[in-house]
Amino acid sequence: MPEHDVLVIGAGLAGMRAALAASRAGADTALVTKVHPVRSHSNAAQGGINAALTDRGDDWEDHAFNTVKGSDWLGDQDAIEVMCREAGDAIIELEHMGVVFNRDEEGRLGTRRFGGQERARTFFVADITGQAMLQVLYEKVLKARVRAYEEWFVTSLAMEDGVCQGVVALELRTGQLHLIKAKAVILATGGAGRVYEPTTNGLIVTGDGMALAYRAGAPLMDMEMVQYHPTTLKGNGVLITEAARGEGAYLLNAKGERFMERYAPKMMELASRDVVSRAEQTEINEGRGVDGCVLLDLRHLGRELIETKLGYIKEVVTDFLSIDLADRPIPIRPGNHYIMGGIKTDVQGATPVPGLYAAGECACVSVHGGNRLGANSLLDTIIFGRRAGEAAAAYAREMDRPSISESIIAKTQEEMSSFLARDANGDSAAKIRLTMGQVMTDHVAVFRDEAGMQIALKTVRELKARYACLAVQDKGRVFNTSMLFTLELGFMLDVAEVSCVSALARKESRGAHYRTDLPERDDVNWLKHSLVYASPEGPRIDSAPVTITQWPPQRRVY
Ligand SMILES: Cc1cc2nc3c(=O)[nH]c(=O)nc-3n(C[C@H](O)[C@H](O)[C@H](O)COP(=O)(O)OP(=O)(O)OC[C@H]3O[C@@H](n4cnc5c(N)ncnc54)[C@H](O)[C@@H]3O)c2cc1C
């Protein structure tokens, strides 16, 4: 039976950085991933990664303040300070590892502007930053001889007396269930975008780690905070990177007006994402949109800049819309993109469950609060991935070998057997998944209100009841993707329910959580995190204080 000191679930940027750190700290480390490591969703990250480098007179405290303001004061300022203070060294380290960041005319590492920040501090590799970083980290992980269980799907955490001692995982190639024992487990399973339909996130982004931790007793924090990105393509939700606006693209309404003048006169198109998305949705709702969209205009940037710095999105727009970005504006609208909430951790990645750590998009440390600044997520994965790896290795050094028995597999085996044993009843995972995605998009999106969120919660609970009666029609063992999609759907329904419960509980508007029935921020009653725990009666809501170090709440204008 496989056994390791530190087991990292997820081989995206957070997982690979964590594995590298744990391995460098001397721990016997392994990765488990449901897809090949370089197919992890970090691969899709386009625009860049933030850091305040002092060689150009930038200052980490300025980055931290922009992040606090971007978070609408819900981010924990101690964690934000850690992330922004350590960012510069992390960029240099990535460069030394081999990430070929773009350079400026003077040969220094080049930057571009991203939203919600006063100055250009986003380092980038054209518009394929995530891919470039992921490839380099993969090489490092291979070189460190970290074992990778590729195409293994974690179905549950192996818990003994409230302590995490490993995972139960399905080997997709054989259909066999395994217990992998570990002294410490790090969840780095990414976000939950597919709970919504459409989304910028790939099919594999199904909130697995959040649900795994929740089911094992860990609280999920601020799950109502879901980011809508201002520039996604109509229909398919494909992302057009914020770097387009960072390079100077305009947003126009049907009358050809740069409407951001009315909503964020100072920062215009580069206000924070929640502000820009609300502005776009208001233009569309009030009849100044173009066929349910607004327009993104890059023509004035010129063909050369588009081709050299935004080549990937140029290709995407040509493929999907047959539009040349240098000739015509493109229709875009706000689209589901990122979840600020996640598994509650401290700045070492430790969750309240002993032996369980989390990092990256599945975690909530919390540096993004009510709204994440563009290019702060890659930074989050690198900083807190490393910290979680180091902390888990230190924890593992103090622990005895896990005592958990293989009999723990039986529960997952029973669940899978009952999906296989049932007769088809006309329902399917695909139908449930689509209804869930649509109801979340209709009622828990850019604008929300009590009545809509109640509809969403009721629908999700009905879908959970249908899920309990589902049959998996493919009875085979080898690469049974029907079984995989079904188990993922179970995770997504838990995440959707928790997001609805948290959103209903927060009786104010803050960051991405904008309630038309309660449009003001309420610092007296709601300057606090929402926490949700699993209980036999369903989700139990609680709260935790926000850490304020040096930036007391202010009015948030851009
Ligand atoms: C289109 C797009 C563009 C973006 N651009 C930027 C950007 O420019 N800058 C920025 O800062 N952020 C950007 N983001 C956000 C950022 O890319 C992500 O938040 C970040 O990469 C998430 O990394 P991660 O390591 O947490 O998870 P991922 O990279 O999503 O990795 C998750 C890993 O977990 C594994 N996994 C999941 N569930 C299981 C399971 N049950 N069993 C086994 N393995 C499992 C997967 O196989 C995968 O290896 C972008 C996001 C999108 C969607």
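Colleague: Why is Cys 364 called buried?

Modeller: Bear in mind that this is a predicted model. The relative accessible area of Cys 364 is 3%, and buried means under 20%, so Cys 364 is buried.

Colleague: What makes Cys 293 count as buried?

Modeller: Its relative accessibility is 0%. The cut-off for buried is under 20%, so Cys 293 counts as buried.

Colleague: Now for Tyr 357: where is it placed, and why is it called buried?

Modeller: Tyr 357 sits in strand E16, which covers residues 356-358. Its relative accessible area is 7%; with buried set at under 20%, Tyr 357 is therefore buried. Leaving out residues up to four places away in sequence, Tyr 357 touches a list of residues including Ala 184, Val 185, Ile 186, Leu 187, Ala 388 and Tyr 395.

Colleague: And what makes Arg 477 exposed?

Modeller: Arg 477 has 52% relative accessibility, and exposed means over 50%, so Arg 477 counts as exposed. Its place is in the loop between helix H14 (450-467) and helix H15 (481-505). Neighbours within four places in sequence aside, Arg 477 contacts Leu 172, Thr 174, Gly 175 and Gln 176. From its C-alpha atom to that of Val 168, 309 residues apart along the chain, the separation is 17 Å.

Colleague: Let's turn to the whole chain. How many helices and strands does it have, and how do you know how compact it is?

Modeller: The chain has 16 helices and 19 strands. Its radius of gyration is 22 Å, close to the 24 Å that the globule rule gives for 558 residues, so the chain is as compact as a globular protein of that length. Along the principal axes, the C-alpha atoms fill a box of roughly 65 × 50 × 50 Å.

Colleague: What share of the residues counts as buried?

Modeller: Of the 558 residues, 61% do. As for contacts between residues at least 6 apart in sequence, 73% join residues at least 24 apart.

Terms used: Residues are numbered from 1 along each chain as its sequence is written. This is a predicted model: local features need pLDDT of at least 70, side-chain atom pairs count only at pLDDT 80 or more; totals for chains, interfaces and linings use all residues. Side-chain values use heavy atoms; hydrogens and water are left out. Buried means under 20% relative accessible area, exposed over 50%, partly exposed in between (1.4 Å probe, protein chains only). Helices (H or I, at least four residues) and strands (E, at least two) are DSSP runs, numbered from the N terminus. The radius of gyration is taken over C-alpha atoms; the globule rule is 2.2 Å times the number of residues to the power 0.38. Contact means heavy atoms within 4.5 Å.
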